[in-house]
Amino acid sequence: MAEATHDEVHRHPAPKGFIRKYIFSLDHKVIGIQYILLALSAVLVGMIMSVLMRVNLSWPGSEWSILGTLFPTGAPGGVMSDSFYLSLVTMHGTLMVFFVLTTAPQGGFGNYFLPIQIGAEDMAFPVLNMLSFWVTFVGFIVLLTAILAEGNLTVGAWFSKLGASFAGGTGTVGPIGGWTGYPPLSALGPIAGPGQGAGVNLWIISIAIFCVGSLLGALNFITTLLNMRTRGMSLMRMPLTCWAWFTTAILALLSFPVLLGGGILLLLDRIAGTSFFIPGGLFVSGSLVPQHNGGSPLLWQHLFWFFGHPEVYIAILPGMGATSHILSTFARKPIFGYRAMVFAIFAIGMLGFFVWGHHMFISGMSPYSAVAFSILTLSIGVPSAIKTFNWLGTLWGAKIRFTTPMLFAIGFVSLFVAGGITGLVLGQTSLDFFFHDTYFVTAHFHLVMGVASIFGMFAATYFWFPKMFGRMMNETLGKLHFWITFLGVYAIFIPFHAMGMLGMPRRYANFGEYAFLKNAHSLVLFVTVAAIITVGIQIVFYFNFFWSMFKGKKATDNPWEATTLEWTTATPPPHDNFAGVMPTVHRGPYEFAVPGAPRDFVMQTEPEGVEVAAGLGERSGNGGNGHKH
Amino acid sequence: MGRVLGIAIWVITILSVLMFVTKHWWFPESISEHGPAVDHQFMITIIVVGVSFAAAQIGLGWVVWKYRDSASAQRATYSHGNNRLEVIWTIVTAVVFISLAVMGQRVWASLHLHAAPPGSYQIEVVAQQFAWTFRYPGKDGVFGRTDPSLINDEGQNFVGLDETAPNAKDDIQVSTLVIPANQPVELILRSKDVTHSFFVPQLRFKQDLVPGMKIPVHFTATKVGKYELACAELCGMNHYKMKAYMLVLPKDEFMELTNLPPAQFLTKKDELLNKYQLPQY
């Protein structure tokens, strides 16, 4: 912080060795890119799994010889078994929620840009930052072994050496409890059926490791933001991205410990004979389970969803931050209602801790608490609506530049509305009688927490890529990617609502058993085709990403004519971000189209007096110049 | 690009709204007393949802069409917002959303915040991995004692009935749920192994069956016929095959059936399963 208060130049050179520079790096920028690469790997696996699931639903019995080779027991002869389908359901959900939606938005872009946007040299605790990534990486590897330990005989044999709890290659696949892992199914072990052995233990361990990594990250974000803002960077002058990352970090700090605790208890139930979640008197697979007594399956659901609902906001808040930031930049217009946006982000985050029970209306929980949870749930729609109105307000009277990041940001707004609004249906107890655990729910959360969040991240990638790698991504490929993906995700997830209207339950490996689902077959096929196309087009994104890194057009320091601190420094930024000269901030983050200013944007670092019409920025009291005390 | 994007957003909006308006994929017929109220509440909600969805998307399409960058040198409007607008839309959405939330508790309260009405017919529902068992108290109207250590799936004693207990002799265990029309029924839901969920789409009713808990629920079916009962909570490998039929019988036919001794009950039930057909979908 000394650098921030004195103008003397005090450089921190980058480490020289390859390992300290790129592998075990303490630099938040390198760690950010590591998180992004981790997310890109995880999302690839998760997407392939979703295609495999769709293919199995539309053409049961299809043969995939590679599956047969990798998973001789789960997919004998390359034909997916029902339990293999369920293990895909579980792995897809876990990979996407934890290793994609929690890593890229926060650990990736947050790590890279939060310190630069507030004018800091690095995160507050660089070693902790490095640890948080590598802990998360270990979690990822453990998760991948969860499906291989039982499904692949070779990997299974290695694990068998670790003792009975990890004995794999048993002729099953796993884990197959869904990403929510409800006990007793997930707690009883192999007697509960295939896919309940070593795979589930590894799945729990993976999530527990992930919790630790996220906690370390959250501590770092909060401390950095509160302590390391540069001179003039008052809270109300921070970009909305920083508010989003800050709120997300608070959510992670308060919710991940609960999941960690729950995970440890679940693991103890499985390997140490405890009974936190297993009641007495069970009769499973033809025999009594006398060794367990007194546990509560609902306890897990409360612990899980106390984490699980804030997790939804952990996934989407950074996307909201990025979208606000990018919309304002390419609208060439200040964000509409900065202060309202800040309050809305915080309100969503805090209310998010009081609504977990809406996942449990029909769980056997007290129906009175369901009423309270239901009303609180619909209240969360209010700050969400405020955000939407303000985004539209930002575009109103704008001069929009349709760059690829802007297209994805607009796509985010559209998808957030489409996905979020059905929360009004699902949040009502009376309607949950029908819709709970149907495809209507699947449609809702995929649109809002899945695709909208991902659109936020696509927007962020195209937007910040030039700063991160010094080269532009290809715009033509970017636009192609946007159009197919935008139309594709609607084509996939809008029909899910129709399946939900018919009552189609989630997590079914096959719908052929039920006459009431007969009319869904055309929809199922349509969605499968749309999914294959949409996943296929992501190749263009991957190609663009890696090709542009080396061959893209060279980027200038501020290619988008944006206003915040990351665009004032070199491209890519030096190891200490500002080459030892810490910036001083004079104004709010979204000063576009300022009357009288020489250009249509005014950087945060430009001294006051640029505008001819003095005081214009304060007129609305919406953060134009931040606090003036 | 702005025009194309605007049009694309409008087209998506129109198609999405049409999917609901045409009702091509819609709820199956409602066959419970509370069903029409659920459907009504859904209609109110989906209208609010549809109008908000369409308004937001059409608005979004319009601003990207209208405010696309043109060659003119004129800058965008310099505005940081409007506090009056913020207050207005906050209050309006709060009133609409919270009203919906309060209305959305009515059916729930009528079923879950009240005990089963007097005269409800009691049936025990016991779920286990991939099968349903329904227990009827028999002629005496009283359930016999059960004990998990007496469970014998091969011996068709799925619920662990103590056959020596005084009220157990006439208890009937059957794999089809048979209920009377126009008479409240109370189901006592429990599970032997993992969590399952009782779901009959036509009933507009769903409830988890949780091991270690006995969850009483009640409703009244109104239409005679044969329906499918599905498990709606992931319970293992054959989750999707965990299906049973539900027969809703005229009251006299139901009384006649439930007064039969166990063996004849089962034969008669099979006859009835053939007699009634699933609805046309």
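**Figure 1. The two domains of chain B.** In this predicted model, chain B is divided into domain 1, made of residues 2-67 and 84-111, and domain 2, made of residues 119-275. Taken over C-alpha atoms, the centres of domain 1 and domain 2 of chain B are separated by 38 Å. Where the domains meet, ten residues of domain 1 of chain B are in contact with twelve residues of domain 2 of chain B. On the domain 1 side of this contact you will find four nonpolar, four polar and two charged residues.

**Figure 2. An open sheet in chain B.** Let's look at the strands here. Five strands of chain B form an open sheet in the order 4-10-9-6-7, and their pairing is mixed.

**Figure 3. Strands 9 and 10 of chain B, side by side.** Strands of a sheet pair through backbone hydrogen bonds, and they can do this in a parallel or an antiparallel way. Strand 9 (residues 225-231) and strand 10 (residues 243-249) of chain B pair in the antiparallel sense, over six bridges.

Figure 4. Helix 6 (residues 262-275) of chain B lies across strand 4, strand 9 and strand 10 of chain B. Against strand 10 of chain B, helix 6 of chain B runs at about 90 degrees.

**Figure 5. Where chain A meets chain B.** How many residues of chain A are in contact with chain B? The contact brings together 106 residues of chain A and 92 residues of chain B. Helix 14 (residues 381-395) of chain A supplies the largest share of the chain A side, with nine residues. By class, the chain A side of this contact holds 64 nonpolar, 32 polar and ten charged residues.

**Figure 6. The two domains of chain A.** Chain A has a domain 1, covering residues 28-279 and 291-295, and a domain 2, covering residues 333-554. The C-alpha centres of domain 1 and domain 2 of chain A lie 20 Å apart. Their contact takes 29 residues from domain 1 of chain A and 27 residues from domain 2 of chain A. On the domain 1 side, the elements that give two or more residues are helix 3, helix 5, helix 6 (103-117) and helix 10 of chain A. Which helix gives the most to this side? Helix 3 of chain A does, with nine residues. The domain 1 side counts 22 nonpolar, five polar and two charged residues.

**Figure 7. Helices 3 and 5 of chain A.** Two packed helices are described by the angle between their axes and the distance between the axes. The axes of helix 3 (residues 28-58) and helix 5 (residues 82-100) of chain A come within 9 Å and cross at roughly 150 degrees. That angle makes helix 3 of chain A roughly antiparallel to helix 5 of chain A. Helix 3 of chain A passes helix 5 of chain A in a left-handed crossing. Residues you can pick out in the contact include A:Leu38, A:Ala42 and A:Met49 of helix 3 of chain A, and A:Leu88, A:His92 and A:Phe99 of helix 5 of chain A. The residues of this contact divide into 16 nonpolar, four polar and no charged.

**Figure 8. Helices 9 and 10 of chain A.** Helix 9 (residues 198-227) and helix 10 (residues 240-271) of chain A pack at an angle of about 150 degrees, with their axes 7 Å apart. This makes helix 9 of chain A roughly antiparallel to helix 10 of chain A. Their crossing is left-handed. In this contact, 28 residues are nonpolar, three are polar and one is charged.

Definitions and conventions
Residues are numbered from 1 along each chain as its sequence is written. Chains are lettered from A and ligands numbered from 1 in the order in which they are written. This is a predicted model: local features need pLDDT of at least 70, side-chain atom pairs count only at pLDDT 80 or more; totals for chains, interfaces and linings use all residues. Two strands pair if DSSP finds at least two bridges between them. Helices (H or I, at least four residues) and strands (E, at least two) are DSSP runs, numbered from the N terminus. Two residues are in contact if their C-beta atoms, placed from the backbone, lie within 7 Å. Axes are lines fitted to C-alpha atoms, for helices over the stretch in contact, and angles run from 0 to 180 degrees between N-to-C directions. Domain bounds come from an automatic or database domain assignment. Ala, Val, Leu, Ile, Met, Phe, Trp, Tyr, Cys and Pro count as nonpolar, Asp, Glu, Lys and Arg as charged, and the others, Gly among them, as polar. Angles under 35 degrees count as roughly parallel, over 145 as roughly antiparallel, 65 to 115 as roughly perpendicular and the rest as oblique. A crossing is left-handed if the near helix is turned anticlockwise from the far one by less than a right angle, and right-handed if clockwise.
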